[in-house]
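This report looks at one residue and its surroundings, then at one helix, and finally at the confidence of the prediction.

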Amino acid sequence: MHCPILIAVVIWSSCVDSQKIRGISLSYKRFYRERKSFLCIDGSKLIPFDQVNDDYCDCADGSDEPGTAACPDGRFYCTNLGYRPHYIPSSRVNDAICDCCDASDEYNSHTACQNTCRNLGQRERAEVKSQMRALDQGLRLKQQLIEEGVLTWRDKQAQLRDLQRVLDDLQTQLDDLRKEDARRKKEVDALRELEIGALETEENSHRSHIMNESPVSIFYELDSNRDGRLSAKEVRAKLTDIQDGERVLSEDEAVALLGGGHHVDLSRFEETLWNSIRIGHNVTIRGRVPGRLVKGEPVLKAAVSAAEKAAAELKKVEDAYETVYMEIRDLREKLATDYGPEREFLFLYNQCFQLKVHEYFYELCPFNQVTQTSASGAEVSLGKWGSWAGSPQHRYSQMKYENGEPCWQGPTRNTVVTLTCGTETALRSVKEPGKCQYVAEFQTPVACRPALRQQGVHSEL
Amino acid sequence: MAAFIVRMGPVLMLWLAVCVSGSWAVDRGNFKTCDQSTFCKRQRALKPGQSPYRALLETLELTNTKLTLQLINDNNKVRLLLELYRLQGNMTRVKINELKPLKPRFEVPDVLINDPPTEPLSLLSQDENGMVLSLGADSQRLIVSAKPFRLDIMEGREVLLSLNSRGLLAFEHLRIQDGMWEETFKSHTDSKPNGPTSISLDFSLPGVEHVYGIPEHADTLKLKTTDGGEPYRLYNLDVFQYELFNPMALYGAIPVMLSHSPQRTMGLFWLNAAETWVDISSNTTVFGQMLDYVQGSSETPQTDVRWISESGIIDVFIMLGPTPTDVFAQYASLTGTQAFPPLAALAYHQCRWNYNDQEDVAAVDQGFDQHDIPYDFIWLDIEHADGKRYFTWDPHKFPQPKEMLQGLEDKRRKMVAIVDPHIKVDNSYKIHSEIRSRGFYIKNKDGGDYEGWCWPGNSGYPDFTNPEMRAWWASMFAYDQYEGSRENLYTWNDMNEPSVFNGPEVTMHKDAVHGNWEHRDLHNIYGLYVQMATAEGLIQRSGGVERPFVLTRAFFAGSQRYGAVWTGDNAAEWDHLKITIPMCLSLGLVGVSFCGADVGGFFKSPSPELLVRWYQTGAYQPFFRAHAHLDTPRREPWLFGPENTALIREAVRQRYALLPYWYQLFYHAHRTGQPVMRALWVEYPQDTATFSMDDQFLLGRDLLVHPVTEEGARGVTAYLPGNGEVWFDVHTFQKHNGGQNLYIPVTMSSIPVFQRGGSIIPRKVRVRRSSSCMEHDPYTLYVALSPKRFAQGELYIDDGHTFSYEKQKEFIYRRLAFANNTLSSRSVGSVWIQTFLMLCLSVDGKESQLEFDFDASMSVLTLRKPGVNAGVDWTVVLQ
């Protein structure tokens, strides 16, 4: 005889009265017709029929023990008359826990299970009924919201078109104004050129005249590069020593005239250099012809002021353009968001929903962000709109908000919002199952799907 | 659960942020080195040499039970009293105290289970240099040398162990204050009102190269020498993110060291609960030159050990073996055995800091059923209580604890809720106001109630060393006191080192006061008392009927009597997975069998591979609980894809199938003190290849486990011990010869486990939702034959949760044997019990034929459904 090395023996500490056709659904009954022998359903083994449901596992697929817990990974069929039939793992047979509502899984335990199928069935049917009612209502509401959505969409589109038109107008205005601005600036420059030319031809006897001039015009005259301030260089170029008209001022002298700085603006000019020129003890403007100046000054002044006005006008329109442009960009971005196949989620745009959970106050602004505010008033971002995140079949059943405030030692906060069908639109729950990982339930009619009706009907059977 | 983290205000947060971002390791600066602990520094500065101690032989007194002898320190003339006992069971106890201390010195109570019974000593000879005493059996003798004082224990011509052979006995006597005694560490000052009180003694172990034990350290099984480094430290501490492979102190302390050589196993039990440091050095000495008895001299490897404690007395038990089994029995006779846990506690535990609320608990419970993974216990950490006021429930998150517990009971499952020993100082909190009004808090040095920071904020610490306090605490677990509790609620004691966030080294000030004693004297035993009082509470609430289950983080010698321990706040790293083996093996060697590590790692987040490997390892370690830090992502077994879920399911199912074997091992541990999870050398004491092995282990004698603990492993090399033995792969039944290194290719589903040829292991192969659901299921015996076609094993059955096995002797204990082609079951003096009478007797007194299957390729014979009753005698004959 061959040497058996390993022996497995099963010792019973309880016995089971077997009932042959337990734990089998109607469709499987044909495999278990009382015969002499039983073929494992996978065809792997032929056993005497009295070994079916005899509380010892013979078939590798567990098919010989549908009514006992003998086979690992076996399954037991609960008939559950009056409720829903279903399979349970066979390890739940006779474990003193009532799993089947018809109590059929506990036929040999010491637990007295009640048959609760009728009650469950009634309750479920009532529930399904109310769910169906809610679903119907939800679907009607959804239809309305879709229609509203269509209108909103149209409005938004119209708004976009209007804005676009405004933008076009502004563009035209801008073009005109830019031209105008350039023209005005040129005019001022031309006038200045003219003036300087005239000055060069006339004699210099000017002190008293300068006394009559405004510091502004002198300032602009000296500001040869038109940068709104006078530099020592500009001063040296235009001013001359009153005694020696040929002498160019030194850098230090120019700086001293500017009150010790290398640059002055208009107001500082009035406090420093202007006084020196006006009094005329030390310096004067090179080649100055006082008579011309008096004559030409009002013309230049008017030109300068007109150029300033044109520039201001341009600035105003540029700002308006910028604002409208941004508005259009935002609107485009929002319109580019996926609001569902029928844009049914569009109505949530620009809305926020709140919920208080114990000491925390949560706010969901769909397609924007989720926040949490504690009793102390500190607001924390739980995520910004990321994407739809449902399963491929039901992409629109979940939203993901990402990149909220970072956690200590951890990643950034994020929130998964599950959308459920209901007649109202409201935030139903917010939880934090793992640190900084939030899950929220958001109920809304637009999450209602006609397919849910099918499921409801199925479960009614 | 938890270490030392957050929630202590912004200052601490900052400090932690710095500490954490730098590296994932302990902040060593928070904990003392020997140099920073002044007594350790003083003692370690003493070098081996001539001891100043001399035995005054004329003071010898020898009674029936003990020998007493005075020692004098020739430098300061202070006298010590030596007491020497020969204890039954081949042990010797040596006590040294001051002869006339200024006031009593602390002697550790409540650790020994009784006054150890003694045997008479007899004086064989005496002269002016010393004396020779007989230690009873085995020609053992004790040699007392007078100058310098020294003890040698001999067996025949062999020296087993010597005391003070290196002259490092040092006893700092109590004295009148002679200067500033204060000592400062970081910002903490220790007033040290009694001045220096430390003690030290050295032991030499000739012939010994391997020493083990003195947990808790995150280090190898074989202890390392400490020359030039830090000594092993024993001081219960809450160490945040502990480092591996070093001698730093951790949460628990068991001052027991085992020595082993192919010739002999011995143990040293240093009964002292103060801060303790242990130095180990090894050398080869020319031994025996000081002894007339040893003729000639020979080179012998030797290990020298030196113990240093801050206060108390020297009280050391020398367990002389000679076998590992003997040492376990000797230690068990002193401090008791492992508490026999309820069967369910050996099953799988699901824990997390924190399951957020009742809904969360229900959802996780449901998740296990949905994914068909069994579990027995779900755990609640500190967040379940109302503002960390233990014994209460958060009114928002857990408004109906009883309903929640009933829901678990309906699935035959249980819950553990945490109860820590720091009590929120809050006058409206009943537990606090009662403890305060009864004067049960530990006092500070100035006499007020000691207060420190812990999870609830400002907290008081009950004085668990006070028996009245413990009795009161136990009474708080009564169902009418602990609101919302039910029979299926059990308890977890964390932070019982004790952890004090703002105390020195994150623990209590040493000058805090427990009645007559300083915290310094008894620090290491505080945690034991917490678990003791809690376990007593769980026993009392059921009127003494039900066995308790209490998990503790801090422990001391004797803690095994009160429940389970775990290795604290580990991390999700491969090295942390590896270290679980030596950490639990070390605990097993010194009595604590019910040991486990947080599956998955507490800090950080494991990769799916690490998590799966950890489940596979944990399924074969005694305490099997998954746990995770608050800040880590969720990691219930089904969150890592269907493949990993299936791998974890399979690991957990393997655990459940083996529960009969685990239960029997624990019964055995409870009866005899033998460890459940064993180092290989324990069963193969002659096989030197096993002496340092700590990447595999035995469960009992018969299962060898070499878990996969390497990332990306393609194979492991397991050592199968025992020349002439055979081992069977438990999954494939393939046979392998013992005495070899075996390379085993592995996949993600592999858990290399082998059954010893010659053993019979009972299993329950119908794995159900929880262990309770498997109560009435049949057993399957796995009979693995030895080359001589022989096998034996045991089967232990009782109700699984009460003390009836002990009080009413209601249990079945069978010896199973296969010999001469006959498998039989015979009673081991068990009592036939009523509980099992309902079982049917299908082969009662009759002979019947059995069907069988024979798989010739693997030589596996399966007997189909013999249907015999587990409780009666039967035989199965192969013909």
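## Surroundings of A:Glu106

Leaving aside residues up to four places away in sequence, A:Glu106 touches A:Arg92, A:Val93, A:Asn94, A:Asp95, A:Ala96, A:Ile97, A:Cys98, A:Thr111 and A:Cys113. In this predicted model, A:Glu106 sits in the loop between strand S5 (86-89) and helix H1 (117-201) of chain A.

The side chain of A:Glu106 makes a polar contact with the side chain of A:Ser109 at 2.7 Å, and one of its polar atoms lies 3.3 Å from the backbone nitrogen of A:Asn94. Although A:Glu106 is buried, it has no salt bridge, and the nearest side chain of opposite charge, B:Arg769, is 5.8 Å away, whereas a salt bridge would require a side-chain nitrogen within 4 Å of a carboxyl oxygen.

## Helix H4 of chain B

Helix H4 of chain B covers residues 358-370, and because its 13 residues should span 18 Å at 1.5 Å a residue, the 18 Å between its end C-alpha atoms agrees with expectation. After H4(B) comes B:Asp372, which has a positive phi, near 55°.

The buried residues of H4(B) are B:Gln358, B:Asp360, B:Val361, B:Val364, B:Asp365, B:Gly367, B:Phe368 and B:Asp369. Their cover includes strand S22 (348-350), strand S23 (377-380), helix H5 (401-410) and strand S24 (414-418) of chain B.

## Confidence

The predictor assigns the complex an ipTM of 0.86 and a pTM of 0.85, while chain B averages a pLDDT of 91, with 93% of the residues scoring at least 70. In chain B, pLDDT stays under 50 over residues 1-23 and also over residues 287-297.

Note on methods
Residues numbered from 1 in each chain as written. Chains lettered and ligands numbered in written order. Predicted model: local features only at pLDDT ≥ 70, side-chain atom pairs only at ≥ 80, totals over all residues. Heavy atoms only, no water. pLDDT = per-residue confidence, 0-100. Contact = heavy atoms within 4.5 Å. Helix = DSSP H or I, 4+ residues; strand = E, 2+ residues; numbered from the N terminus. Buried < 20%, exposed > 50% of the residue type's maximum accessible area, 1.4 Å probe, protein only. Lys, Arg positive; Asp, Glu negative; His and termini not counted. Polar contact = N/O pair within 3.5 Å; in protein donor to acceptor, adjacent residues only side chain to side chain. Expected span 1.5 Å × (residues − 1).
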